[in-house]
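Subject: Structure handover

Hello,

Here is the structure for you to take over. My notes on what was found in it follow below.

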Amino acid sequence: MITSNLYQKALEEMLTASSDDCQHFFVENNCTLELAYWELLHKNTQKASELFAAISDFDIRAHWGVFISNLVQGEAKGYPTYFELRNFFEIDLNLFFTYYLGNYIENIIRYIDWLFTINPEILKFTGRTFLVNGYEKYGLMFLLRAKEYFFNDPELHYLLAEYYTKENDIKSAQEALLNCLNILPAYFPALTLQRKLKLNCKK
């Protein structure tokens, strides 16, 4: 029987790339989905795809896993669903940054326009992931593209405000916050950042 603490420890090790010991845990406890991700993150894409496929009929994350295993190799086989992209894309893209899998990321980006036709939020997801991983200029590029299609997304304007604040472009940050709050006046993170900017301007 898998104890919750040991499983969480193994999962955390994989998600943070802090140890490879988790592989043994996943093997010994028949954690097929987690083992498939371990293989994917260690560039064993064929093995990962086989493991995902073995449980894809009854595990939606594994169904997505088969797709992403092919996509990171530069092949788009099949179609992800709108909700798979919404629920799993950003998490996995962030994992590839954690594991320094630049070739995976490059292959995914080649298909961004196609993925956009399935779930238009993909531009925002991609922009946010690049931002949090220190690739701000690329993140901004995707967010500005997203803005062309989803101007009425308050979170998008808030992400832009965060970017401009870090770049010390206060005017652009305030503009983005106004756009955000015009769409959703009670958007708490934007209100907090707006107050912070006003206080800093008074100093």
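Leaving out residues within four places in sequence, Ile-122 is in contact with Leu-85, Phe-89, Ile-112, Leu-115 and Phe-116; contact means heavy atoms within 4.5 Å. Ile-122 belongs to helix 9 (residues 122-132) and, at 0% relative accessibility, counts as buried. Buried stands for under 20% relative accessible area, exposed for over 50%, and partly exposed for what is in between (1.4 Å probe, protein chains only). Ser-172 is 50 residues from Ile-122 along the chain, and their C-alpha atoms are 24 Å apart.

This is a predicted model, in which local features need pLDDT of at least 70 and side-chain atom pairs count only at pLDDT 80 or more, while totals for chains, interfaces and linings use all residues. Residues are numbered from 1 along each chain as its sequence is written, and side-chain values use heavy atoms, with hydrogens and water left out.

The chain as a whole

The protein chain has 13 helices and zero strands. Both are DSSP runs numbered from the N terminus (helices H or I, at least four residues; strands E, at least two). Along the principal axes, the C-alpha atoms fill a box of roughly 60 × 35 × 30 Å. The chain has 203 residues, and 46% of them count as buried. Of the contacts with a separation of 6 or more, 51% come from residues 24 or more positions apart.

The chain has 19 positive and 25 negative side chains, and the centres of the two sets lie 11 Å apart. Lys and Arg count as positive and Asp and Glu as negative, without His and the chain ends; the charge is placed at NZ of Lys, CZ of Arg, CG of Asp or CD of Glu.

Leu-40 is one of the buried residues of helix 3. Beyond four places in sequence, the contacts of Leu-40 include Phe-52, Ile-68, Val-72, Phe-96 and Tyr-104. Helix 3 (residues 32-41) is largely enclosed by the rest of the structure, because nine of its 10 residues are buried. Those buried residues pack against helix 1, helix 2 (22-28), helix 4 (45-55), helix 5 (60-71), helix 6 (82-98) and helix 7 (102-109). Just after helix 3, Lys-43 has a positive phi of about 65 degrees.

A buried charged residue

Glu-13 lies in helix 1 (residues 4-16) and is buried, with a relative accessible area of 11%. A polar atom of the Glu-13 side chain lies 3.5 Å from the backbone nitrogen of Cys-22. Not counting residues up to four places away, Glu-13 touches Ser-18, Ser-19, Asp-21, Cys-22 and Tyr-99.

Two loop residues

Tyr-100 sits in the loop between helix 6 and helix 7. Tyr-100 is not a glycine, yet has a positive phi of about 55 degrees, and is exposed at 75% relative accessible area. Asn-168 is in the loop between helix 11 (154-166) and helix 12 (170-183). The phi of Asn-168 is also positive, near 60 degrees, and Asn-168 is exposed with a relative accessible area of 62%.

Regards

Notes:
Polar contact = N/O pair within 3.5 Å; in protein donor to acceptor, adjacent residues only side chain to side chain.
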